[in-house]
Amino acid sequence: MIVVNNTMDINEDDEQLGETSEEDNSELSDGELQDAFAKGLLKPGLNFTTQEPKKIVNNVEGLKQCLADFRKNTLPWVERLDMVNLPADDIVAKSEGRLDNKASGDLNPDDDFQREMFFYRQAQAAVLEAMPRLQKLKIATKRPEDYFAEMAKSDQQMQKIRKKLIMKQTMMEKSEKAKKLREQRKYGKKVQVEVIQKRQKEKKAMMSAVKKYQKGMTDKLDFLEGDQKTAKGGAPAKGGAGKGAGGQTPDKKAMNKKGPNAKRKYKDQRFGFGGKKSGTKWNTKDSHNDVSGFRAKVAHGKGGKGGKGGKAGPGGKGGRGPAKGGTKRPGKNARKKMKGRS
Amino acid sequence: MSVLKRKRGGQGPGVKAKKVKFVQNGMKPQITETEQNNEISVPAPVSMGKWRNKERVLVFSSRGINFRTRHLMQDLRTMMPHTKADTKMDRKDKLFVINEVCEIKNCNKCIFFEAKKKQDLYMWVANVPHGPSAKFLVQNVHTLAELKMTGNCLKGSRPLLSFDPQFDKEPHYALLKELFIQTFSTPQYHPRSQPFVDHVFTFTVTDNRIWFRNYQIIEEDASMVEIGPRFVLNLIKIFQGSFGGPTLFENPHFESPNTHRRLIRMATASKLREKQMVKELQKLKRTENKEVVTRDVTDDVFATPAEERPVHIELEAPAAKVVKKNKHKAFKRQRNQKR
């Protein structure tokens, strides 16, 4: 086997980097081969040329020698300003309890963020170490406020950068706002739908209850308590009953079990429910002179002929106060019922 | 205190550069020849004689570079005030010509960019007269002009250099570190330098490559922003001489861009070849002689025991089917009738 050395010259750098080619056999003439056989370098049998396994040069001694020659030992540190340092502590990783791998060998070069943070921390550590040294040597690191000098990047460039940053921020804010608005609208819509449905349900229930009462299926007028006024034409007048509950919602029923206060009742009775007054409740001469509503027993039996005596208008005494104290006169509802029945 | 527009290089407000009849105190001895003619205006020595570390770096390139490399070169010249530029070198000239060019320009370091195939960028960093030189493949170049690099620094301010501890572990990295320090650090009191130290160069070894970053120091508590440029250097070889000489170190992990591209092409080619081979095999299978099977195994699958019916051949076309579009209407009528 003939082993051929490809001695490479430095000027043929470029070819080196490509693939190594096979040795050209025509260089070895027969004469040379015979000589080699005679010397004993060749053995009988089939011989073919191979490449020597490529030796990677690592001349450690040479490197060290070169470094020693090349190094400028007369230069003080202040001229070079070089530092060797590991990256600074990673606060974030420590707080999360992760193992921070300090060496650069452990760094995964494909994880962009981790890698860049590693470089950043290395720079930070360098600065932290160098600051006290520079301060000792009286070299400033911060330029004073009135020091104007040319910067590496022109003002125009910095303006562009600033504009881009601002644009990015505004876009983000806009998208955030749009998202929030969409959420709000959705929520608002939901709430609105709910409220409408609730109202419709209530209305339906009310109507059905009223119808039931009309048809005589139930004789309880509970559904009217705390409810809106009913508008049933042809039905027996329930105006009086409605007055007690005018303007109250069912929710407030529990709160105002006594019903509206006396003043309210009086005013409702007097002034009705709005609209053109029918004129039936006016104090006219005739109504004043009408004493048909006077019941002597009731008037005298009230215990001391209270106030103005029994000649006062009957409407005024209608719903005043719940406690009647010994009157035999039935209550308004009872009277209404009786009225309705007869 | 009034706002001072400070000229680069240390001239205070009281110094007049032009028409100085008497040379200032503390001048360098080099200007003794002009002492004879006091009427000739002599600019005062800018550095006041304190600039001792005379490092000059020549930054130039070969032909065929693209815009990114050109910008990178410009950025390096902006960042390092101790650099000089030169015209593009022809590819035909051998590399040792660069030594002569540097000598002419009185530079003792050189950064030479070489572009091959308009794709690959190689960078030589060399100490010119005798010293070592190194060749790198440059990748992932980002220049100063990129809008994501938001930092800024004084033009010509001195940098702080930060190295990874790995640079001290291997001898070849130690040599590279020394080379970088001497090339990249701005000499103190350089006439074009600013006296402040407001940015950091970091060199880190990861994935057998050297990563270069440039950060601006904003606060004393080390909050930083990247200025740029940034690049990745893949070491190829270190030579003992400048642009020549015996090889001191060869990077075993280096894969030339040509081989890299070739590998990718081979991978796709092999996939294609496999597909073709499979197709050929299928063709072969189709054309080869197939043995005749006498009995069909599946013959009696559908054999149902039923009597044979005479085959009825229809000679006339069947009647056209009446399409009832509104079938449902009939049903509906029927339904209504039912009720």
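Among contacts in chain A between residues at least 6 apart in sequence, what percentage join residues at least 24 apart? With contact taken as heavy atoms within 4.5 Å, the share in chain A is 46%. In chain B, residues 24 or more positions apart account for 63% of the contacts with a separation of 6 or more. The structure is a predicted model, in which local features need pLDDT of at least 70 and side-chain atom pairs count only at pLDDT 80 or more, while totals for chains, interfaces and linings use all residues. Residues are numbered from 1 along each chain as its sequence is written, chains are lettered from A and ligands numbered from 1 in the order in which they are written, and side-chain values use heavy atoms, with hydrogens and water left out.

Helices (H or I, at least four residues) and strands (E, at least two) are DSSP runs numbered from the N terminus. Chain A has 12 helices and four strands, and chain B has six helices and 12 strands. Where buried denotes under 20% relative accessible area, exposed over 50% and partly exposed in between (1.4 Å probe, protein chains only), buried residues make up 20% of the 342 residues in chain A and 44% of the 339 residues in chain B.

The contact between the chains draws on 71 residues from chain A and 94 residues from chain B. About 7200 Å² is buried between chain A and chain B, 60% of it on carbon and sulfur atoms; buried area here is the accessible area (1.4 Å probe) that two parts lose on being put together, summed over both. Seven salt bridges, each a side-chain nitrogen of Lys or Arg within 4 Å of a carboxyl oxygen of Asp or Glu, are found across this interface. One of the salt bridges joins B:Glu219 to A:Lys142, with the closest N and O atoms 3.8 Å apart. Several elements of chain A each supply at least two residues to the side that touches chain B, among them helix H1 (13–17), strand S3 (82–84) and helix H7 (155–215), whereas helix H6 of chain A gives the most, with 15 residues.

Strand pairing, which requires that DSSP find at least two bridges between two strands, also links the chains. S3(A) and strand S7 (residues 157–163) of chain B pair in the parallel sense over three bridges, and A:Asp82 stands opposite B:Leu161 in S7(B). B:Leu161 in turn stands opposite B:Phe201 in S8(B), within a parallel pairing of S7(B) and S8(B) over seven bridges. Strand S8 (residues 194–206) of chain B is mostly covered, 12 of its 13 residues being buried. S8(B) pairs with strand S9 (residues 209–217) of chain B in the antiparallel sense over eight bridges, and B:Trp211 in S9(B) is the bridge partner of B:Thr204. The hairpin of S8(B) and S9(B) has two residues between the strands, and B:Asp207 takes a positive phi near 55° there.

Most residues other than glycine have a negative phi, and most peptide bonds are trans. B:Lys117, in the loop between strand S4 (109–116) and strand S5 (120–127) of chain B, has a positive phi of about 60° and is exposed, with a relative accessible area of 56%. B:Phe243, in the loop between S11 and strand S12 (244–250) of chain B, has a positive phi of about 55° but is buried, with a relative accessible area of 4%. The peptide bond from B:Gly228 to B:Pro229 is cis, with omega near 0°, and B:Pro229 lies in the loop between strand S10 (224–226) and strand S11 (230–241) of chain B.
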